[in-house]
Amino acid sequence: MHIYKKKKMSKSVSRARYRSICRKYNMALHLVKLSVGTENFADLAEWQQARLLQARAAGKPQELMHVTRHAPKRAPELLDGGSIYWVVKGFVIARQKLLDFRALEIDGKAHCGIVYDSVLVPVRSQPRRAFQGWRYLDAADAPPDMAAGSGHEELPEHLRQELRALGLL
């Protein structure tokens, strides 16, 4: 009697297959990043507007850039419609379209500048545990955008946080 053993595929093969499916169906790859020090969506928006005003006052290009030590290895996939999703107080709350990755040198060490759009789009809240750096986020796992006029803008922030914690927002 022969016992049929299921042959396991290596991770690299399954990962390659997944990427080909994503390209075929035009599914974007995204980044997730913690926004440390911000309390809510409005705070994140104010902080980013302040950065743009500082750049204008200094005569620099008005663009938002996050500098990180390592460049994403999947940059072409990210720039093909990807966004950076922001985690605030344990929840993904917003996203911004990725525009560019720039090689930078700071104190003699290579860094990467992640350039993203200034339009901050609120998304349906999704819990996310803390992590260091950034992580990839597949399109299938990305939270959907909040519909304009959905009423979440009128809610006080403390009420939004409580509804988020209950999984209702």
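A residue counts as buried here when its relative accessible area is under 20%, as exposed when that value is over 50%, and as partly exposed in between (1.4 Å probe, protein chains only). The structure is a predicted model, so to speak of local features requires pLDDT of at least 70 and side-chain atom pairs count only at pLDDT 80 or more, while totals for chains, interfaces and linings use all residues. Residues are numbered from 1 along each chain as its sequence is written, and side-chain values use heavy atoms, with hydrogens and water left out.Starting with the overall layout, the chain has four helices and seven strands. These elements are DSSP runs numbered from the N terminus, with helices (H or I) of at least four residues and strands (E) of at least two. Read from the N terminus on, the order is α-β-α-β-α-β-β-β-β-β-α. Of the 169 residues of the chain, 36% count as buried.

Next come the charged side chains. A salt bridge is taken as a side-chain nitrogen of Lys or Arg within 4 Å of a carboxyl oxygen of Asp or Glu, and a search of the whole structure finds five of them. One of these joins R102 to E63, with the closest N and O atoms 2.4 Å apart. That pair links distant parts of the chain, as R102 sits in strand 4 and E63 in the loop between helix 2 (41–57) and strand 2 (64–68), 39 residues apart. R102 also meets D100 in a salt bridge, at 3.2 Å from N to O. Put together, E63, D100 and R102 are linked in a network of salt bridges.

R95 is another arginine of strand 4 (residues 91–106). With 18% relative accessibility, R95 counts as buried. Its side chain meets that of D145 in a salt bridge (2.8 Å, N to O). D145 lies in the loop between strand 7 (134–138) and helix 4 (157–165) and R95 in strand 4, so the pair ties together parts that are 50 residues apart in sequence. D145 itself is partly exposed, with a relative accessible area of 38%. The R95 side chain also makes a polar contact with the side chain of S83, at 3.0 Å. A polar contact is a pair of N or O atoms within 3.5 Å; within protein, one must be able to donate a hydrogen and the other to accept it, and residues adjacent in sequence count only if both atoms are side-chain atoms. Leaving aside neighbours within four places in sequence, R95 is in contact with S83, I84, Y85, V119, L120, V121, V123 and D145.

One of those residues, V121, stands opposite R95 in strand 6. Strand 4 and strand 6 pair in the antiparallel sense over four bridges, where pairing calls for at least two DSSP bridges between two strands. Five of the seven residues of strand 6 (residues 121–127) are buried, so this strand is largely enclosed by the rest of the structure.

What about a buried lysine, K33, and its nearest side chain of opposite charge? K33 is placed in strand 1 (residues 29–34). It is buried yet has no salt bridge, and the nearest side chain of opposite charge, D43, is 15 Å away. Apart from neighbours within four places in sequence, K33 is in contact with H66, I84, Y85, W86, V87, F131, G133 and W134.

Finally, R69 is found in the loop between strand 2 and helix 3 (75–78). R69 is partly exposed, with a relative accessible area of 41%. Its side chain reaches the backbone oxygen of A110 at 2.4 Å. Beyond neighbours within four places in sequence, R69 is in contact with K109, A110, H111 and C112. The C-alpha atoms of R69 and G133 are separated by 8.8 Å, although the two residues are 64 residues apart along the chain.

Note on methods
Lys, Arg positive; Asp, Glu negative; His and termini not counted. Contact = heavy atoms within 4.5 Å.
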